Amino acid sequence: MVGSRVSSEKVPWSGRIVAVQPRIRLMRSFDERHHSYQGFVLRIDGTCGGQAGEFLIAVGEGAHEKHRFQAGMELVGQSVPVEDPRKEAAAFYKTSGLKVVKKTEGETPAGPPFLGVPPDLETYRRRGHRRLDARTYEAKCTTCIWGCRMPVEMIVDHWNPSRKQYRFEAFCYGPKSCACYRAGAARKVPGRKGMSHTEEDWVDEDATSHRGPDD
Ligand code: SF4
């Protein structure tokens with residue numbers, strides 16, 4: 001994977017989209033959580049700053065509305081290496097000069113993983129997510145439009161909100177019947193004085209209870 005360099009200069013890149021997933025950040029404070037919907041992450045197989053390989057580019061929701069990104073499309077653009085890699089799943093953001101060189105050809109496979117054009121961010125918010133085992137995500141879900149690897153910012157002590165910890169968590173917004181799905185271990189959120197909160201299964205059940213197994 002082509003990584004970011006510490007620089008605020010735009011890096012030119014080009015290549016084929018391998019995957020499109022939502023760009024959503026999660027803020028946790030013990031048993032509370034808040035999502036920030038920021039756009040989309042494009043996994044590109046191509047060349048970035050002269051280096052060949054796969055790399056992750058963050059784009060805004062407006063760009064997705066305009067271009068309707070999906071796997072198979074070929075693009076060129078320019079992006080800035082992310083300043084704080086703890087806060088972004090992508091290695092590059094502030095993307096400009098985006099051009100579609102070639103549209104996706106052929107039929108979209110039925111899945112899973114589910115490809116095609118991802119819906120808008122409001123649809124992700126409405127659908128809600130379930131936790132997704134990190135190894136399952138890496139093995140089966142990195143190309144699925146319903147997968148999301150979120151940067152997580154945790155306020156450990158709400159009396160001292162500057163005390164934060166960071167990590168990444170994977171989630172699935174897809175059909176509950178997906179055969180690839182594995183929840184993995186329950187997640188623990190650190191709190192003050194060594195306490196921790198365990199996010200139980202009912203949280204996921206509650207977040208997705210309005211959907212049937214195949215929705
Ligand atoms: S588990 Fe979720 S993210 Fe993974 S392939 Fe199935 S629907 Fe997609």
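Is Phe 30 exposed, partly exposed or buried, and at what relative accessibility? Phe 30 counts as partly exposed because its relative accessibility is 29%, which falls between the limits of 20% and 50%. The model described here is predicted. This briefing covers its nonpolar cores, the surroundings of its ligand and its backbone features.

**Nonpolar cores**
- The largest nonpolar core has 32 residues, of which Leu 42, Phe 69 and Leu 75 touch the most other members.
- Two or more residues of this core come from each of strands S1 (11–29), S2 (32–48), S3 (51–59), S5 (92–102) and S7 (147–155), and from helix H2 (121–127).
- S1 provides the largest share, six residues.
- Beyond its neighbours within four places in sequence, Leu 42 is in contact with residues including Ile 17, Val 20, Phe 55, Ile 57, Phe 69 and Leu 75.
- A second, separate core consists of seven residues, among them Val 41, Leu 56, Ala 58 and Tyr 93.

**Ligand surroundings**
- The ligand takes up the space of the largest cavity.
- Among the 13 residues around the ligand, those that come nearest are Cys 141, Cys 144, Gly 147, Cys 172 and Cys 178.
- The shell around the ligand holds eleven nonpolar residues, two polar residues and no charged residues.

**Cis peptide bonds**
- The bond from Gly 111 to Pro 112 is cis, with omega near 5°.
- The bond from Pro 112 to Pro 113 is also cis, with omega near -5°.

**Positive phi angles**
- Phe 30, although not a glycine, has a positive phi of about 55°, and its place is the loop between S1 and S2.
- Lys 193, also not a glycine, has a positive phi of about 50°.
- Lys 193 lies in the loop between strands S9 (187–190) and S10 (196–199), and counts as exposed at 75% relative accessibility.

Note on methods:
Residues numbered from 1 in each chain as written. Predicted model: local features only at pLDDT ≥ 70, side-chain atom pairs only at ≥ 80, totals over all residues. Heavy atoms only, no water. Core = buried A, V, L, I, M, F, W, Y, C linked by side-chain atoms within 4.5 Å. Buried < 20%, exposed > 50% of the residue type's maximum accessible area, 1.4 Å probe, protein only. Helix = DSSP H or I, 4+ residues; strand = E, 2+ residues; numbered from the N terminus. Contact = heavy atoms within 4.5 Å. Near = heavy atom within 4 Å. 1 Å grid on protein atoms, 1.4 Å probe; cavity = no way out; pocket = protein on both sides within 12 Å on 5 of 7 lines; lining within 4 Å. Sits in = over half its atoms within 2 Å of the grid points. Nonpolar A, V, L, I, M, F, W, Y, C, P; charged D, E, K, R; others polar.
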